[in-house]
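Please examine the sequence and the structure shown below. The paragraphs that follow lead through selected parts of them in turn.

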Amino acid sequence: MDLQGQNGLMTTFREGWRSRSWIAWILAALLIGFYLDLYFRDDLTPIASAIGLKNKWYLYGGLYTVAMAGGAVYYLRRHGNSRYNQIRIAVNVGVQLCLAWLLPFVMPMLGGREFYFSYLWPLAYSDLWPSTLASLPIYLALYSLIMALVATPILAFVFGKRWYCSWVCGCGGLANTFGDPWRHLTATSTASWRFEKVAVHTVMFVAIASTSLLGLDYLLDGQSGTFHWIVGGSQFWSVKELYKLVIGAILAGVVGVGFYPLFGPRVWCRNFCPMAAMLGLFQKLGRFRITVKPDMCISCGNCTTYCEMGIDVRSYAQSNESFTRAACVGCGMCAHVCPRGVLKLENASNLQTDKARVRLPVVDI
Amino acid sequence: MRVVIIGNGVAGIEAALVVREREPSWDVTIVSEESDHFFSRTALMWVHTGQLSHRCIEPHDRDLYERMGFERVRARATGIDVGARAVNLAGGMDPVPFDRLLIACGSRPRPGPWDGSQLRGVGHFVTHQDLAWLENETYGGPSRGGPPPRPGGHLAATTDDSPYRVRPDGYAARGGPPKQPAVIGGGLIGIEAVEVLVAAGLKPKFLIREDWFWPMALDEAESTWVAERMRHHGVDVRLDENVEALVGDDAIRALKTDKGELDCDCCVIAIGVIPNTEWLGEGVELDRRGGVVVDGGLQTSVEGVFAAGDCASVPWYHGAKMPEQLWYTARDQGRVAGRRLCGDQAEYARGLWYNSAKLMDIEYTTAGLVSMNVEGERNWFFEERGKVRSTLRVVTVDDRVIGFNALGRRWDHTVFNRWIAEHRSLRWVLDHVREASFDTEFVPPLTIPEEDKSKELGGAAFSVIRDPMPAPRA
């Protein structure tokens with residue numbers, strides 16, 4: 001075994017449920033319905049209490065972990081001969097199981113407060129709200145602050161965005177396991193790239209602005225009644241509540257997962273996740289890149305098709321251009337499906353320039 | 001200035017893009033019988049299995065021709081009128097006049113020399129239309145990715161012997177996919193056809209004339225591993241078996257070989273490709289292989305008429321002219337041809353040979369002179385069996401490396417080629433071999449034990465696989 005390349009051909013476009021047949025539309029409708037119910041109704045609460053869980057979110061966490069574990073089995077059956085994929089998916093599922101499910105489940109039993117260590121601000125948008133920080137034990141408040149403001153940029157600079165988006169994050173984890181059957185459906189057009197850049201940076205700006213406004217509100221200590229009402233009020237259109245509704249529930253949940261079977265598993269990560277946008281900027285400045293082996297690309301399009309972030313990898317590969325794209329989550333699939341071994345993910349130092357194209361004169365034999 | 005390009009493949013489209021970049025106002029016309037859109041021919045196999053769609057293998061947006069102002073003529077060219085400077089078209093269409101012309105019409109499958117090669121259920125795997133035929137044979141039609149736009153757009157102006165005609169299939173008559181598919185020809189297209197049939201859940205017979213698979217590139221030990229992988233997937237690999245006839249009345253029923261008769265209800269003939277140049281007639285000079293003879297600047301025997309890609313006989317490193325049927329060289333030739341079409345001086349300089357492929361699930365990289373029987377060549381061969389299975393063959397002459405053949409790992413061929421040009425010794429190369437590694441992360445690096453490295457020093461233990469043979473083949 002070679003521990004890297006694709007092992008056996010895929011029949012993706014011959015499977016209706018993976019190529020937008022009516023089954024895919026029904027699956028999407030079911031997923032969207034589930035998320036609408038989860039966020040806006042309480043049908044799951046009695047089920048949760050019937051099996052002894054504190055609330056519906058514990059039930060959701062359990063279902064999420066099961067979906068991820070099941071998806072991981074599917075993923076590893078298709079792409080599991082690759083060492084990178086084996087390690088990455090094992091870590092990602094392990095993080096979900098331990099940090100995002102077992103630990104939050106156990107912490108309250110030990111008399112603590114539940115806390116999701118694997119979700120960081122600004123993805124966990126309320127983590128740096130002053131009201132949240134104030135309510136946390138000091139070690140958890142420090143963890144939130146240091147992870148979001150210090151560790152994240154440093155790790156992204158050294159390893160690229162992937163350390164989070166495809167090794168730790170639960171959204172990315174679900175996308176790469178349960179969502180993997182649909183990864184080829186991500187739009188790759190230039191128009192979709194333009195939309196992505198505007199949308200994702202807008203959400204990032206909104207995330208930073210709303211957190212700052214809430215911080216200001218905290219500093220003012222509610223002295224300005226109108227300001228507090230607009231920013232932190234409990235009516236649905238206050239800054240805080242709107243963010244929770246539009247970005248936290250609709251974009252991350254309903255659209256993010258509900259659209260898997262139609263538009264691929266990274267709709268949220270690519271277009272709306274504020275964390276991904278910030279990590280992408282650090283990545284552009286940092287060491288991570290995809291190295292292209294010159295003059296070996298046959299323009300087959302496997303890399304572009306199976307890129308879940310809609311990056312036209314082929315356009316770089318066929319022009320012999322090593323590259324770093326802000327969107328790239330470093331899942332490694334382009335290198336995995338490349339039939340000519342042209343692509344390689346690397347944390348290379350910036351000083352190391354591309355190997356000069358070698359077009360040497362003939363040996364004198 | 002009117003530039004006409006015959007062929008919508010990689011050489012033709014690269015040339016057209018170079019011309020457009022340099023000369024925004026020139027008329028550029030692309031004549032193609034095969035397809036409306038440029039696509040990656042090397043990727044046909046993935047469209048067949050459904051791993052990719054037709055759209056996926058088109059490297060550009062579909063509005064490329066409009067955006068670049070390329071006029072497309074979907075028709076069969078039937079000849080070049082050198083005097084009137086025009087390309088004649090089939091089907092009563094008006095000739096297309098040109099000032100400068102690029103012939104980039106590529107290859108066509110080498111037709112089967114046997115009786116019965118035209119039977120229903122027999123075809124090739126080279127063109128868009130061959131893909132449609134094999135999709136019809138195995139699945140009864142295209143995948144959900146859909147067929148290309150205007151798949152039969154050329155039919156009004158084509159002929160029965162055109163390689164761009166969809167051959168008749170036997171799906172309906174059989175009532176399903178073939179039960180006894182066969183592939184004839186032990187080369188790269190042959191193994192691709194075998195792979196797509198395996199992906200469709202079939203167990204093809206693979207008839208190879210030679211003693212082992214792909215002797216042009218692999219030695220016996222390397223090839224045996226590939227054959228082992230094929231057999232693991234249920235392929236009936238039949239070495240040293242010569243086909244004598246394809247048997248059937250309307251549809252193929254059996255293959256007659258020098259070892260007996262084999263049941264067969266669908267057959268892919270993959271015995272190589274030949275330049276698609278018969279239609280050129282006396283217009284330009286052709287060599288005995290059918291390639292359009294060009295000089296170092298890719299100009300044919302006619303002033304202002306160039307040729308690039310698979311159909312051109314270009315000068316190789318040893319001086320002889322031969323067609324060079326490879327994707328990347330066609331792209332490079334197209335770029336040179338584009339500059340020549342603009343009136344620039346440019347030379348096509350072929351560097352050292354390199355190539356890569358994927359044989360079933362085994363990655364293959366080669367660089368330099370391998371399996372060429374160079375005088376005095378000695379081969380150092382190493383097989384790795386551990387977490388990773390791989391082989392590495394280094395070809396040397398007088399303790400200077402001249403070639404590399406590697407299976408099972410990813411290597412950077414540019415580093416190999418640099419070492420060859422630097423006249424590195426075998427020992428030096430073995431000590432530095434990891435610098436050429438292109439393996440993905442977490443793959444344990446290749447470790448060559450000291451005793452294997454120093455085979456060379458022992459002299460007697462040096463593994464000589466092939467006896468020295470006279471002179472490289474010209």
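Which domains does the domain assignment of chain A give? In this predicted model, the assignment gives domain 1, covering 27-279, and domain 2, covering 288-347. Taken over C-alpha atoms, the centres of domain 1 and domain 2 of chain A are separated by 27 Å.

The two domains of chain A also touch: 28 residues of domain 1 are in contact with 17 residues of domain 2. On the side of domain 1 that touches domain 2, the elements of chain A that give two or more residues include helix H4 (83-106), helix H6 (138-159) and helix H9 (190-220). The residues of this side of domain 1 divide into nine nonpolar, 12 polar and seven charged.

Helix H14 of chain A comprises residues 274-285. Its 12 residues reach 17 Å from the first C-alpha to the last, close to the 16 Å expected at 1.5 Å a residue. Among the buried residues of H14(A) are A:Pro274, A:Met275, A:Leu279 and A:Gln283. The buried residues of H14(A) pack against H6, H7, H9, H13 and strand E1 (288-292) of chain A.

In soluble globular proteins, nonpolar side chains tend to be buried together. The largest nonpolar core here has 212 residues, of which A:Cys334, B:Ala15, B:Leu102, B:Cys267 and B:Ala308 touch the most other members. Helix H6 of chain B (residues 188-199) gives the most to this core, with nine residues.

Leaving aside neighbours within four places in sequence, B:Leu102 is in contact with residues including B:Ile5, B:Ala15, B:Phe306, B:Ala308 and B:Leu341.

Terms used:
Residues are numbered from 1 along each chain as its sequence is written. Chains are lettered from A and ligands numbered from 1 in the order in which they are written. This is a predicted model: local features need pLDDT of at least 70, side-chain atom pairs count only at pLDDT 80 or more; totals for chains, interfaces and linings use all residues. Domain bounds come from an automatic or database domain assignment. Two residues are in contact if their C-beta atoms, placed from the backbone, lie within 7 Å. Helices (H or I, at least four residues) and strands (E, at least two) are DSSP runs, numbered from the N terminus. Ala, Val, Leu, Ile, Met, Phe, Trp, Tyr, Cys and Pro count as nonpolar, Asp, Glu, Lys and Arg as charged, and the others, Gly among them, as polar. The expected span of a helix is 1.5 Å times one less than its number of residues. A residue is buried if 20 or more other C-beta atoms lie within 10 Å of its own, exposed if 12 or fewer, and partly exposed in between; C-beta atoms are placed from the backbone. A nonpolar core is a set of buried Ala, Val, Leu, Ile, Met, Phe, Trp, Tyr and Cys residues joined through C-beta atoms within 7 Å.
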